[in-house]
Amino acid sequence: MEAKRVRVTNRKQFEFLVNRMEANPKLAKDLKFCEATGISSNTFTSIWHDLTVGLNSLGPPTRTVKDWQKVWTDYKLKIKNKLAHNKREVNATGGGPNSMKILSPTEETVVKLLSLDKMVNHSVPAFGLPRQVGSAQTSQDTDQLHHISSPPGSPLLSSTLADENEPIDEIIREERENEASNQQNASSSRSSKRKHGAMNDVREELLTRQTEYLKQIVENTTECARYARKAFKLREEESKYRRAYLLQKQKDRQSDLELKIELLKYKKQKLQILERREKRK
């Protein structure tokens, strides 16, 4: 049984999707078409149809409208999980390396567009009720949380303190490892291209020969068709002359019969005249 093929969305498709969502913030928040949101059913369907056409033009991969809607939902969930992980790292106590996850510029745009950082920090009022500050300790914790987060980008992205250099070193190390793996992949791809070079040359030669044979077949077929048309014309002319000959022969027979009938009439009249003469005598 073959394994199911995984379709990975490329970077250009994600950038196009986020840019279109910035232009349609209500659609980005998964607000369905209704009178309250101001999005009609036709508008909702048209926007997602245009999105699907644009995304598929940047593929592969290509998907349906429902599949792209699921991709957008999964992408938001992935970013929210990253923010939650970074928050746990900020609030963690004890030793050990800090494993903060870095958000890409596209992901930071989604965070700003949907205010995902506020959702993760629980700064949005729950069920429409304002949060009550019960003690000075709660206010102090809130001020500390605002002090840790920095204005640009995602708050949890830049939440490391100045004296914590381990995450930065880890990021640099990961980037170097990624570069090394990319170089290794490039070298392996070049070697595979060299290995398949000879096979490609053989294929090209075989295709060239096949093309020549097909051209010869086409030429021979054309000649056969030309001779067949000539033979058909000759047979058509032959049948035409044969029909004319048969018609003329039929006319000649008819004229012979008419002459014979006239002769018989003449002889009959002659006999009648002779009989009359004999009676008079």
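**Salt bridges**

In this predicted model, a search of the whole structure turns up five salt bridges.

Select R11 and E15. Their side chains form a salt bridge, with N to O at 2.9 Å. Both residues sit in helix 1, four residues apart, or about one turn of the helix. Now colour by accessibility. R11 is exposed, at 56% relative accessible area. E15 is partly exposed, at 30%.

Next, select E107 and K82. The closest N and O atoms of this salt bridge are 3.2 Å apart.

Move on to helix 8, which spans residues 166-280. Select R226 and E223, three residues apart, about one turn of that helix. They form a salt bridge, and the closest N and O atoms lie 2.6 Å apart. R226 has a relative accessible area of 31%, so it counts as partly exposed, between the 20% and 50% cut-offs. E223 is also partly exposed, at 35%.

As background, side chains of opposite charge can pair when their charged atoms come close.

**The largest nonpolar core**

Select M21, L27, W48, L51, W72, V110 and L114. Of the 24 residues in the largest nonpolar core, these touch the most other members. Which elements give two or more residues to this core? They are helix 1 (11-23), helix 2 (25-28), helix 3 (41-57), helix 4, helix 5 (105-114) and helix 6 (116-121). Helix 4 supplies the largest share, six residues.

Zoom in on L27. Leaving out residues up to four places away in sequence, L27 touches M21, I39, F44, I47, W48, L51 and W72. Among these partners, M21, W48, L51 and W72 are also listed with L27 as residues that touch the most other core members.

In soluble globular proteins, nonpolar side chains tend to be buried together.

**K76 in helix 4**

Finish on helix 4, residues 65-91, and select K76. Why does K76 count as buried? Its relative accessible area is 11%, and buried means under 20%. Now show its surroundings. Setting aside neighbours within four places in sequence, K76 is in contact with A28, K29, D30, V110, L114 and L116.

Technical notes
Residues are numbered from 1 along each chain as its sequence is written. This is a predicted model: local features need pLDDT of at least 70, side-chain atom pairs count only at pLDDT 80 or more; totals for chains, interfaces and linings use all residues. Side-chain values use heavy atoms; hydrogens and water are left out. Buried means under 20% relative accessible area, exposed over 50%, partly exposed in between (1.4 Å probe, protein chains only). Contact means heavy atoms within 4.5 Å. A nonpolar core is a set of buried Ala, Val, Leu, Ile, Met, Phe, Trp, Tyr and Cys residues joined through side-chain atoms within 4.5 Å. A salt bridge is a side-chain nitrogen of Lys or Arg within 4 Å of a carboxyl oxygen of Asp or Glu.
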